[in-house]
Amino acid sequence: MHQQSILITGVYGLVGSCIYKHLSAKPDLYDVYGLDRNHERSSRLHPDELTEVPDDHFILSDLSNACELKDVFKGIDTIVHMAADPDDQAPWESTLKNNMEATQHLFEAAKASDVKRVIYASSIQVSFGYFRTVEPYKSIYEMNYQNVPETFDRISVAAPTWPVNLYGSSKVFGEALARMYSSTTALSCICIRMGGVHSMDQVPQAVLPNASTKNDMVRLVECCVRAPNSVQFEIVYGLSNSDYRWVDLDHSAKAVGYLPEDSIHLAP
């Protein structure tokens, strides 16, 4: 089997670090590189979650220069783009630079370097307008679970996006870029609307309906890495099974073969 070369941006963030550890443990399948703007690990990482990218597989970059990235991406088959400012209260300047401009630079350089696929870390926050406004999702958001019917329609990727902040809006922009590049170039793009991943899987009860375990998230990323070449563009939600999960995972199974292994439950 061909050994895929994979580059993970934001490799020292919580999710990027988990993905690197998972994929690099399979050297027969993957040759894994990491990119980040510095060597500092995310403060969200527990010491047991720390990982070290070898110097010959680490690229120092803040994704601000598309021309330089063309050389960095030469020979890379798949980019897993995790780098972003994850703060949903970040000022516009940071959101623009780190979430929007950097993503456009990445896609443009990937196209110029003949990268085959970009896996883009979108967010469940592109749909948070439903979660905070529309029943029964609003009752789930407010933890009024007694008002939630036993069965209800879950939000699918076919529903219009509805962000409620600049962070979510920047992820909608990234999805639009992915669709544009996948339809105008040979670049395959898969967008993962990621649920919340927490250090050591310590999920606060209030965010449980939006959560993913580390195990499920890295498995989903690998599903996207290994998806057939015929997958040109897809959007999938990435969560574990949980009490009151309000978005649909059926499409994730059909599109890339992802089925969650883990279930997260409300405390009794």
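Which residue forms a salt bridge with arginine 219? The partner is glutamate 261, and the closest N and O atoms of the two are 3.3 Å apart. A salt bridge is here a side-chain nitrogen of Lys or Arg within 4 Å of a carboxyl oxygen of Asp or Glu. The model is predicted, so local features need pLDDT of at least 70 and side-chain atom pairs count only at pLDDT 80 or more, while totals for chains, interfaces and linings use all residues. Residues are numbered from 1 along each chain as its sequence is written, and side-chain values use heavy atoms, with hydrogens and water left out.

Arginine 219 lies in helix α7 and glutamate 261 in the loop between α8 and β9 (263–264), 42 residues apart. Helices (H or I, at least four residues) and strands (E, at least two) are DSSP runs numbered from the N terminus. Arginine 219 is buried, at 18% relative accessible area, whereas glutamate 261 is exposed, at 52%. Buried means under 20% relative accessible area, exposed over 50%, and partly exposed in between (1.4 Å probe, protein chains only). Asp216 joins Arg219 and Glu261 in a network of salt bridges.

The structure holds eight salt bridges. In another of them, arginine 193 pairs with glutamate 175, with the closest N and O atoms 2.8 Å apart. Arginine 193 is in strand β6 and glutamate 175 in helix α6, so this pair ties together parts that are 18 residues apart in sequence. Both arginine 193 and glutamate 175 are buried. Glutamate 108 and lysine 111 also form a salt bridge, their closest N and O atoms being 3.1 Å apart. These two residues both lie in helix α3, three residues apart, about one turn of the helix. Glutamate 108 is partly exposed at 25% relative accessibility, as is lysine 111 at 35%.

Helix α3 covers residues 92–112 and reaches 29 Å from its first C-alpha to its last, close to the expected 30 Å; the expected span is 1.5 Å times one less than the number of residues. A kink of about 30 degrees is centred on alanine 102, the bend being the angle between axes fitted to the seven residues ending at a residue and the seven starting there. Alanine 102 is among the buried residues of α3. Just after the helix, aspartate 114 takes a positive phi of about 65 degrees.

The largest nonpolar core has 36 residues, and its largest share, seven residues, comes from α7. Such a core is a set of buried Ala, Val, Leu, Ile, Met, Phe, Trp, Tyr and Cys residues joined through side-chain atoms within 4.5 Å.
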